[in-house]
Amino acid sequence: MTQLRLVACERRRPMIKPLVISREVFVEEITIEVSLSDGAFVGRGEGCPALRFGETAANQLELIAAHESAILSGDRTALQSILPPGPARNAVDCAWWDLEAKRAGRRAWTLAGIETFRRIRTMRTIGLGTADEMAMEAKQFPAFHRLKLKASADDIVRRVAAVRAVQPRCEITIDANEAWTKDIYR
């Protein structure tokens, strides 16, 4: 068998529009990307570090580098004991799944023993803004049946009502990112 090769790097992608949530503003997406190659096939995966959990692209890449020989000499199932849960393990795990699926000429979900693959309904996130700003943004996505509204502790009802007015039939989920107290929730 050909020697495996691992490449891990940081990727930064500017956002079209800053995403505002209750505790920060995101102007770019920072991920780590991993590829595992056996010479014939390349498996790819990525992970997204969360600074609030002490994760950075740099420390996740260092973690992968520190365990590279164990990663390359093991397999996907050994990964659970090699890396702790987090973006580094996710990126490497996804790369292993992708590589195994390509080698087998099958879909990853088939290899995982999932008999049928069903479509996943996703949500469009509407960043925190004034009620009018959030309604204007929600109005731009009439095809979405599910919207996730970022929320803070202020002006909650007005913001949700403004979005509901322009998207009367969509499912709305409110994501306060820990900005709510028990009293606000009640």
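Buried here means under 20% relative accessible area, and that cut-off matters for the views of this predicted model.

**View 1. Ser-37, a buried residue in strand E2**. Ser-37 sits in strand E2, and at 19% relative accessibility it falls under the 20% limit, so it counts as buried. Its side chain reaches over to the backbone nitrogen of Gly-39, at 3.2 Å. Leaving aside residues up to four places away in sequence, Ser-37 touches Gln-3, Leu-4, Arg-5 and Val-42.

**View 2. Strands E1 and E2 as an antiparallel pair**. Here we look at E1 (residues 5-20) next to E2 (residues 25-37), with 12 bridges holding the antiparallel pairing. Pick out Arg-11 and you'll find its bridge partner, Thr-31, in E2. To get from E1 to E2, the chain goes through a hairpin of 4 residues.

**View 3. Asp-155, with a positive phi**. Asp-155 isn't a glycine, yet its phi is positive, at about 55°. Look for Asp-155 in the loop that runs between strand E5 (146-150) and helix H7 (156-166). With 37% relative accessibility, Asp-155 counts as partly exposed.

**View 4. Asn-177, another loop residue with a positive phi**. Asn-177 has a phi near 45°, again a positive value in a residue other than glycine. The loop in question lies between strand E6 (171-175) and helix H8 (182-185). So is Asn-177 buried or exposed? Its relative accessibility is 15%, so Asn-177 counts as buried.

Key
Residues numbered from 1 in each chain as written. Predicted model: local features only at pLDDT ≥ 70, side-chain atom pairs only at ≥ 80, totals over all residues. Heavy atoms only, no water. Helix = DSSP H or I, 4+ residues; strand = E, 2+ residues; numbered from the N terminus. Buried < 20%, exposed > 50% of the residue type's maximum accessible area, 1.4 Å probe, protein only. Pairing = 2+ DSSP bridges. Polar contact = N/O pair within 3.5 Å; in protein donor to acceptor, adjacent residues only side chain to side chain. Contact = heavy atoms within 4.5 Å.
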